[in-house]
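Let us take a walk through a protein model together.

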Amino acid sequence: MALRQDTICALATGQPPAAIATLRISGPSTSQIIEKRLSIKSLTPRRATLVDLRDAAGALIDSGLAIYMPGPNSYTGEDTLELSLHGGRMITELALQSIMAAGARLADPGEFTRRAFEAGKMDLTRAEAVADLIDAESEAQLGQALKQMDGALEDLYSRWRGQLTDCLALLEASIDFPDEEDAPDRVDGPVSDRLEALVADLNHALAEGNITERIRDGFKIAILGKPNAGKSTLLNQLSKRDAAIVTDIPGTTRDIVEVRLVMGGYLVWLSDTAGLRETTDRVEAEGVRRAEKAAAESDLRIWLYDARDSFDVAQVKPGDLIVANKSDLVARLDVSRETMVISAKDGEGVAQVEQAIVSRLKGMTQGLTAPMITRARHRQGIERARQHLDRAREHMAQGAGAEFTAEEVRLASRELGTLTGHVDPEMVLGAVFSSFCIGK
Ligand SMILES: Nc1nc2c(ncn2[C@@H]2O[C@H](COP(=O)(O)OP(=O)(O)OP(=O)(O)O)[C@@H](O)[C@H]2O)c(=O)[nH]1
Ligand SMILES: [Mg+2]
């Protein structure tokens with residue numbers, strides 16, 4: 001890719017005031033900025049040096065540590081400077097102004113990592129992993145992002161592409177040398193076997209991807225049941241805050257109340273929903289519709305009912321949790337073995353519900369080794385690749401000619417290449433890097 005002419009800078013650490021603020025500079029003007037603003041001819045590469053940062057008029061802004069990393073052995077592949085100053089608001093503002101006046105501009109979100117990608121330091125899936133490492137709130141997210149950073153997705157997608165290249169070589173040989181002994185008909189078997197095996201791998205990745213995407217984006221859990229069962233009370237207990245309104249009026253909750261929590265190392269989105277009942281109230285009816293939609297879209301449902309009522313198991317799906325609430329109001333309770341008994345109001349049994357949720361999540365993620373898909377972008381690319389391969393196999397089955405098969409294989413390979421950014425990077429770069437923070 002074309003060599004960049006401009007130099008970027010940004011505050012790479014959190015919002016001031018903070019103990020330390022690290023400013024990052026990358027691009028061809030870095031050494032000129034060092035000379036102008038740090039009054040030093042050159043800095044020893046990769047060694048922390050105590051420096052004075054000055055403004056354009058020569059007035060001292062702050063003293064701090066500078067580390068110079070000349071390209072290509074830097075994060076971005078360009079000349080880079082990291083300057084750690086006292087993390088004051090005024091210091092960081094004046095420091096950025098001074099650096100910009102010496103020949104840099106403010107970086108866009110993710111622009112340092114984008115430059116690292118463009119310099120060939122990492123593929124697109126590893127660049128995405130950088131963002132995921134920073135955004136990780138749960139151990140499971142972090143573990144997955146680390147594996148992706150280590151190349152789990154890049155290696156897999158590249159291996160798939162390699163298999164398609166092998167198929168293409170066979171197909172093209174049969175197109176170019178149709179009369180050769182071991183050409184046309186003889187390639188059909190091997191190519192068709194390879195495509196079949198690859199489609200099976202893609203389908204496996206797509207199926208498992210539902211879980212790995214959830215690890216990154218959060219598992220959806222809905223609390224469901226009749227009005228007044230105590231759903232909002234349970235949500236407040238599990239989230240340890242007063243997120244939803246609780247009253248003794250049936251039909252209190254209408255909109256979905258969603259809280260974001262980390263449970264047992266997993267990020268989850270826990271939803272409190274409107275009590276399920278027939279109603280003529282239009283607002284409540286809309287709430288019930290939303291509750292039913294949340295039930296259908298959730299990874300796990302918690303069915304809550306008043307222990308004084310009976311519970312209809314018809315709506316329960318395998319793996320759902322059934323919880324009888326308000327145990328404090330009944331002397332004796334006969335429930336099935338899998339039904340948990342709690343008193344949400346007193347917090348009695350809530351810890352067991354939490355444990356049961358975590359054990360369900362563990363069950364869902366059991367057996368996962370390396371992630372194969374972590375974002376919708378990956379899933380969509382793999383689905384498109386699979387569609388091309390389905391068409392390639394149809395062409396083969398119909399004896400349509402190797403040219404037709406080869407074209408679909410080529411298109412599938414292109415889709416996989418887009419995932420790693422080896423093909424058509426411009427198409428996806430904006431979307432990938434816009435979600436980054438500035439300074440990364
Ligand atoms: N005695 C007793 N009362 C409870 C318990 N849990 C909830 N309640 C009470 O039951 C009433 C309804 O509680 P909510 O949490 O608002 O019930 P809900 O299921 O969210 O109700 P809707 O939003 O109307 O669907 C409130 O008065 C709560 O204080 C419990 O374990 N024991
Ligand atoms: Mg409620």
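**Around the ligand**

The shell of residues around ligand 1 is made up of seven nonpolar, eleven polar and five charged residues. In this sorting, Ala, Val, Leu, Ile, Met, Phe, Trp, Tyr, Cys and Pro count as nonpolar, Asp, Glu, Lys and Arg count as charged, and the others, Gly among them, count as polar. Before we go further, please note that this is a predicted model, in which local features need pLDDT of at least 70 and side-chain atom pairs count only at pLDDT 80 or more, while totals for chains, interfaces and linings use all residues. Residues are numbered from 1 along each chain as its sequence is written, chains are lettered from A and ligands numbered from 1 in the order in which they are written, and side-chain values use heavy atoms, with hydrogens and water left out.

How many residues surround ligand 1? There are 23 of them, and the closest are Lys231, Ser232, Thr233, Gly251 and Asp328. To be near a molecule, a residue must have one of its heavy atoms within 4 Å of it. Helix H8, residues 231-239, gives the largest share of this shell, with three residues. Helices (H or I, at least four residues) and strands (E, at least two) are DSSP runs, numbered from the N terminus.

Now zoom in on the oxygen atoms of ligand 1. One lies 2.9 Å from a polar backbone atom of Asn228, and an oxygen atom of the ligand is 3.2 Å from a polar backbone atom of Ala229. A backbone N or O atom of Gly275 is also found 3.2 Å from an oxygen atom of ligand 1. On its own, ligand 1 has 650 Å² of accessible area, and the protein covers 91% of that. Such areas come from the Shrake-Rupley method with a 1.4 Å probe, and for residues only the protein chains shown count as cover.

Where does ligand 1 sit? Its place is the largest pocket. A pocket is found on a 1 Å grid over the protein atoms alone, as an open set of points with protein on both sides within 12 Å along at least five of seven lines. A molecule sits in a pocket if more than half of its atoms lie within 2 Å of its grid points.

**Two aspartates in loops**

Let us move on to Asp320, in the loop between strand S10 and strand S11 (321-325). Is Asp320 buried or exposed? Asp320 counts as buried because its relative accessible area is 7%; buried means under 20%, exposed over 50%, and partly exposed in between (1.4 Å probe, protein chains only). Its side chain makes a polar contact of 3.0 Å with the side chain of Trp303. A polar contact is a pair of N or O atoms within 3.5 Å; within protein, one must be able to donate a hydrogen and the other to accept it, and residues adjacent in sequence count only if both atoms are side-chain atoms. The side chain of Asp320 also reaches the backbone nitrogen of Lys317, at 2.8 Å.

Asp299 belongs to the loop between helix H9 (282-297) and strand S10 (300-306). With 24% relative accessibility, Asp299 is partly exposed. Asp299 and Ala222 are 77 residues apart along the chain, and their C-alpha atoms are separated by 8.3 Å.

Next, follow the backbone itself. The peptide bond from Pro16 to Pro17 is cis, with omega near 0 degrees, and Pro17 lies in the loop between strand S1 (8-11) and strand S2 (18-26). Another cis peptide bond, with omega near 0 degrees, runs from Gly71 to Pro72. You will find Pro72 in the loop between strand S4 (60-69) and strand S5 (80-87).

Ser39 is not a glycine, yet it has a positive phi of about 50 degrees. This residue is in the loop between helix H1 (30-37) and strand S3 (49-54), and Ser39 is exposed because its relative accessible area is 53%. Lys326 has a positive phi too, near 65 degrees, and is part of the loop between S11 and strand S12 (339-341).

**Along helix H7**

Our last stop is helix H7, residues 184-217, which holds Thr212. Thr212 is buried, at 2% relative accessible area. Asn210 is in helix H7 as well, but at 47% relative accessibility Asn210 counts as partly exposed.

Key. 1 Å grid on protein atoms, 1.4 Å probe; cavity = no way out; pocket = protein on both sides within 12 Å on 5 of 7 lines; lining within 4 Å.
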